[in-house]
Amino acid sequence: MIAGVTTAALVAAVAWLGRGGDAAPVQAATPSPVAAGPQFFGQLGSGDALAATPSSRNARLVELRQNFELVDQTYCNYAAGTKYPEASRPVSEHPDQIYPNEPVTESHAMRSGGGATDAHIQIQTSQSRVFMASGEAAAFSVRAVDTSGGPLPLVITRAAAQGMTFHGARPTTQITIPFADDGRGVFGGILAPAQTGLAGFNGTIRTEVRYTVGGKSGFVLFDVIYTPELPAVWSGQVREAVEEGSLVYYLKADVRVAGRYIVHGRVDDAKGKPFALATFNDTLASGPVEVKLTVFGKLLRDQDAALPLTLRDVDGYLLKEDVDPDRALMPRLEGKVLAGKPHPLKAFSDAEWQSEERTRHLVEFSKDVALAQGALSQFDPTLPVPKSACLN
């Protein structure tokens, strides 16, 4: 009550001084009566807890417990998600990367001009790849079936490829692609830019295939991203080693254009099951270099990997900024690249990956957990302090 009077008097004095001090004093306002009964404003301390209603206490307790669960889950998720480095992850986290050289297949209703479709005619297509390095080729196929999957007679009337250009750029050369029937109603064609007038084109090449089915006309489009320059090529044999408790592969390369390179390698276990995705992401100087792909030791130990491992399907590219396309591809290494040695599983470390960034984040997240525990203890010291699910 005294505090309320003092505040009101101070306000009156300030108002009087603001008028120059020569006016009549302002009568101090009568302080508003304090509402009877317990009050609850925001966070409760130990004293407030005694005055709060049971319902407000319960609501605050639920809020504090939920906050603890949230910050503890954040800590645990980060700790679990970073126990392996980004350069060595379970391949299950990247299902789209498991078999990069498998054909891209699609089935859709027959498309004619103006956006019209015919659901009674299904067009099945495939293309062997989307990204193409210099000297590589892409295979396309087209087939028509009815709604029950039965083949329908299809005739290719025209198939041509052209580089896609923008902003008023001069159109590229258009090349014709022969499509042939395999005898079962599947028509296939090959796009090999290096052998055509598109050899120097850098970007998306679109192949448009026109056809007829039962007298009805339709079309399909195939897009590939082609880079005519070879920034680096693979050279020499691949070797493996056990270093710092992890399995590493060294791939020799001859770098023609220095810069940041991204390289992916797939690793299968002894049973042929896809196991890990190993990634290189670093700058390379021009000249002969070795690209290092790592299978982290703890990943091997945690998943009880069946050894020996096999490295397969390696692809890489030079990353380019502020241009389209944003990469220049290296020739890919398809299929088995190296069958490894039968190292004993105990040869690999069970330690989690460590880095300055990971340590810093774990420290900050652990502080959040401690603060949430402290808030619960301050609210009611008689409550047991909740334990973290993963923090010692």
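Author: We begin with the elements, since the model is predicted and its helices and strands are DSSP runs, numbered from the N terminus. With that numbering, Thr82 is found in the loop between α3 (54–81) and β1 (88–90).

Reader: Is Thr82 buried or exposed?

Author: The cut-off for buried is under 20% relative accessible area, and Thr82 counts as buried because its relative accessibility is 15%.

Reader: How should I read the pockets, and how much space lies in the largest pocket?

Author: The general idea is that a probe the size of a water molecule, rolled over the atoms, shows where empty space is left. In this model the largest pocket holds about 430 Å³ of space. It is lined by 18 residues, and those closest to its centre are Gln97, Pro100, Phe131, Asp315 and Arg332. Two or more lining residues come from each of β15 (259–268), β18 (310–319) and β19 (327–329), and β18 gives the most, with three residues.

Reader: Which classes of residue make up the lining of the largest pocket?

Author: That lining has seven nonpolar, four polar and seven charged residues.

Reader: What is the volume of the second largest pocket, and which residues are closest to its centre?

Author: The second largest pocket has a volume of about 250 Å³, and of the 16 residues that line it, Pro85, Ala87, Val248, Lys292 and Thr294 are the closest to its centre. At least two lining residues are supplied by each of β14 (246–255), β16 (274–284) and β17 (287–295), while β16 gives the most, with four residues. By class, the lining of the second largest pocket divides into seven nonpolar, five polar and four charged residues.

Reader: Turning to buried charges, which side chain of opposite charge is nearest to Glu240?

Author: For a salt bridge, a side-chain nitrogen of Lys or Arg has to be within 4 Å of a carboxyl oxygen of Asp or Glu. Glu240, which lies in strand β13 (residues 239–243), is buried yet has no salt bridge, and the nearest side chain of opposite charge, that of Lys341, is 5.5 Å away.

Reader: What, then, lies around the polar atoms of the Glu240 side chain?

Author: The backbone nitrogen of Lys341 lies 2.6 Å from a polar atom of the Glu240 side chain, and the side chain of His343 makes a polar contact with the side chain of Glu240 at 3.1 Å.

Methods: Residues numbered from 1 in each chain as written. Predicted model: local features only at pLDDT ≥ 70, side-chain atom pairs only at ≥ 80, totals over all residues. Heavy atoms only, no water. 1 Å grid on protein atoms, 1.4 Å probe; cavity = no way out; pocket = protein on both sides within 12 Å on 5 of 7 lines; lining within 4 Å. Points joined across faces, edges and corners; volume = space filled by probe spheres on them. Nonpolar A, V, L, I, M, F, W, Y, C, P; charged D, E, K, R; others polar. Buried < 20%, exposed > 50% of the residue type's maximum accessible area, 1.4 Å probe, protein only. Lys, Arg positive; Asp, Glu negative; His and termini not counted. Polar contact = N/O pair within 3.5 Å; in protein donor to acceptor, adjacent residues only side chain to side chain.
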